[in-house]
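Please read the points with the model open.

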Amino acid sequence: LAAKDQITTFPAKKIAMYDPARQKFAGIDLKNTSDILKILKIPFTQINNFDNLGDYQVLIIGANAMNDTLLKSGEQINKWIVNGGRMMVVEQRMGGALPWIHDERILLMGKSSFMENYYKKHPAFKGIEDEMAWESPWGRNGRIFDTCLQLNDGFLSLASVANSKDPHAIQSIIDDRKMGKGEYFISMVSTTERFGKDATITKYVENVLSYILSDTISPYAVEVKNLSLSTTPTAVLNPADAVYINLRPFANR
């Protein structure tokens, strides 16, 4: 990303970062969202639960952060957003209902190297002129996302995640929604592996961070009318309940 296009200063906010992937995958060179904020020199506080959200203005849910703690904290997150909190959620590979709102779900549907930004004037897409720019990470046609969002009225970007002739194949990749006095922005675009390497993704991440740390809510953020929590439970397997089955005697590939 050319220096003239980089965002070097960000609004100062009290940021809570929920990013447990580093502990969960200890010993693996796994990039996470905390690393991106450190590169951009954006200060934040790492949190392990959501008991003290009132101390913060912005909450960032890091990549692959879906776990039992998050899924059980829907009421706390919902109330915090409604009272004026701003939340950013980035890519997750675990599907299921999101606990803070009744109609937001992550779907484990097909990966894709194409999506269409419907509201190009949203601040998240500033300086990104063409959808084709998303299609060639590192100079080759690669995936933009691994999972998608069940389509609702808050979509900014759409993609066909199955057969293009199937009307149910169109799902959302990026949502922006107002809740009471606050807002949440959720994006399934793969960013952690490509930030700093792919100019389009780097610009997009900087745009979204600059936006969610601001005091402005975009007119493209759709207001949620029904603020009720999700009633659909998402099952999380306790590692103590899991067993390994050795398939080597029965398979050769």
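1. Leaving aside neighbours within four places in sequence, Asp153 is in contact with Arg177, Val222 and Glu223, contact meaning heavy atoms within 4.5 Å. The side chains of Asp153 and Arg177 are joined by a polar contact of 3.0 Å. A polar contact is a pair of N or O atoms within 3.5 Å; within protein, one must be able to donate a hydrogen and the other to accept it, and residues adjacent in sequence count only if both atoms are side-chain atoms.

2. On the basis of the note: this is a predicted model, in which local features need pLDDT of at least 70 and side-chain atom pairs count only at pLDDT 80 or more, while totals for chains, interfaces and linings use all residues. Residues are numbered from 1 along each chain as its sequence is written, and side-chain values use heavy atoms, with hydrogens and water left out.

3. Asp153 lies in the loop between strand S8 (148-149) and S9. Strands are DSSP runs (E, at least two residues), numbered from the N terminus. Asp153 is partly exposed, because its relative accessible area is 44%; buried means under 20%, exposed over 50%, and partly exposed in between (1.4 Å probe, protein chains only). Between the C-alpha atoms of Asp153 and Thr200, 47 residues apart along the chain, the separation is 25 Å.

4. Arg177 also has a polar contact of 2.9 Å with Asp103, side chain to side chain. Asp103 sits in the loop between strand S5 (96-97) and strand S6 (105-107). Not counting residues up to four places away in sequence, Asp103 touches Asn152 as well as Arg177.

5. Two strands pair if DSSP finds at least two bridges between them. S10 pairs with strand S9 (residues 155-160) in the antiparallel sense over 5 bridges; Ala159 has Gln171 in S10 as its bridge partner.

6. S10 and strand S11 (residues 182-187) run antiparallel, joined by 6 bridges. Their hairpin has 2 residues between the strands, and Gly180 takes a positive phi near 60° there. With S12, S10 pairs in the parallel sense over 2 bridges. Lys178 has a bridge partner in each of these strands: Glu183 in S11 and Glu223 in S12.

7. Which is Ile245, buried or exposed? Ile245 is exposed, because its relative accessible area is 69%. Ile245 is placed in the segment after strand S12 (222-223).

Technical notes: Helix = DSSP H or I, 4+ residues; strand = E, 2+ residues; numbered from the N terminus.
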